[in-house]
2 protein chains.
Amino acid sequence: MHPLFNKHLDLSKQYFERLLKPGDIVIDATCGNGHDSLFLASLILNKDRGFLYTCDIQEEALTSAKNNFHGKIAPQLMQRIQFLHICHSQFPEEIKPQSVKLIVYNLGYLPGGDKNLTTKTDTTLKSITQALELITPGGAISITCYPGHQEGAIEEHAILELASHLNKNVWNCCFHRFVNRPKSPSLLLLQKAKN
Amino acid sequence: MHPLFNKHLDLSKQYFERLLKPGDIVIDATCGNGHDSLFLASLILNKDRGFLYTCDIQEEALTSAKNNFHGKIAPQLMQRIQFLHICHSQFPEEIKPQSVKLIVYNLGYLPGGDKNLTTKTDTTLKSITQALELITPGGAISITCYPGHQEGAIEEHAILELASHLNKNVWNCCFHRFVNRPKSPSLLLLQKAKN
């Protein structure tokens, strides 16, 4: 155990905990088996407030995520979660610009699923470009990349290129990588200024 | 203002706050004007416990640091600070292996001082190699690099190369850089496992 964080996962969760509060609107753009979504739900939902969009392009992932939620989320809170079987480049139009506190991407393939079904660089870039518009001032986008496989390395490179051109007075773009674990996931955190 | 941290400086201070507690032994290897040291002292010193080694190779920096401390640190706590006019590659022999909770490096030149007097890559690497032995399990090394000038970019590259070879079961090496501010300082955090 390391004193501040062990893995990428600890690091991103710490940021989620510090950023989110009950009542926030959050999108899990690539829910996979739903572990992130479950954690996000616990931070933002109560009976009156908060909303979570849990998205995946794979039906299998959404089913797995729903099963993962079963018995762990109170039924009244389940009404504040929408499961969306969509490509992450197509967020629902009902989501208004500058309304979302956090959008989470966990790229790559579904754990335990078909490794050929990874996220694709062009749709990921489209999605992030949309996501930038949806984030509220003082919100953030968290992007976990998997440079340990070839498509993931290309995707990470393209996302960093996109982030490098963002207006530095609005977006604080901090890239975290684990130097002595080159195949470890990396984390790009895009924070939008409050004012 | 960004919700989690604005600059490299906020990020490193947050790590210091989370890592340190009263009674810890800390080394500020390159104290410069002493701003980091002052903050570190506030986290670790009380009348009975804690010790801070505040080092710099430049007499001018140590004088500036001492002046900066004047009136801000209680006299009884000043006894728990040792100002050392040394090259950061030569830590005092009295400091025992695995006894130091945190070693802080802020590389580059003294703010407001002679810009030709930057830290040098070879002495920095020697120093970090020594520092690795001094850190207690559950401690850390924080290294701020300045890739915005040429010597700083070479130094950062060499330090990352060193870190990439550290035993991944002992050292968690997370490198933080600000993607859309390429001249901004970067932060390399080396955390040593507790067990």
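Buried means under 20% relative accessible area, exposed means over 50%, and partly exposed lies in between (1.4 Å probe, protein chains only).

## Basis of the model

This is a predicted model: local features need pLDDT of at least 70, side-chain atom pairs count only at pLDDT 80 or more, and totals for chains, interfaces and linings use all residues. Residues are numbered from 1 along each chain as its sequence is written, chains are lettered from A and ligands numbered from 1 in the order in which they are written, and side-chain values use heavy atoms, leaving out hydrogens and water.

## Helix H2 of chain A

Eight of the ten residues of H2(A) are buried, so this helix is largely enclosed by the rest of the structure. The buried residues are A:Asp36, A:Ser37, A:Leu38, A:Phe39, A:Leu40, A:Ala41, A:Leu43 and A:Ile44. Helices (H or I, at least four residues) and strands (E, at least two) are DSSP runs, numbered from the N terminus.

The cover over these buried residues includes H1, strand S1 (25-28), strand S2 (51-56), helix H3 (59-69), strand S3 (81-85) and strand S4 (100-106) of chain A.

## H1 against H2

Two packed helices are described by the angle between their axes and the distance between the axes. In chain A, the axes of H1 (residues 8-19) and H2 (residues 35-44) come within 10 Å and cross at roughly 25°. Axes are lines fitted to C-alpha atoms, for helices over the stretch in contact, and angles run from 0 to 180 degrees between N-to-C directions. H1(A) and H2(A) are therefore roughly parallel to each other (angles under 35 degrees count as roughly parallel, over 145 as roughly antiparallel, 65 to 115 as roughly perpendicular and the rest as oblique).

H1(A) contributes A:Leu9, A:Lys13, A:Phe16 and A:Glu17 to the contact, and H2(A) contributes A:Asp36, A:Phe39, A:Leu40 and A:Leu43. Contact means heavy atoms within 4.5 Å.

## Two copies

A rotation of 180° with 0.0 Å of shift along its axis superposes chain B on chain A, with an RMSD of 0.0 Å. The two copies are thus related as by a two-fold rotation axis. In chain B, the C-alpha nearest the axis belongs to B:His176, 2.3 Å from it. Copies are superposed by least squares on the C-alpha atoms of residues with pLDDT of at least 70 in both.

100% of the interface residues of chain B are also interface residues in chain A, so the copies meet through the same surface.

## Gln98

A:Gln98 has a positive phi of about 60° although it is not a glycine. A:Gln98 sits in the loop between S3 and S4 of chain A. A:Gln98 is partly exposed, at 43% relative accessibility.
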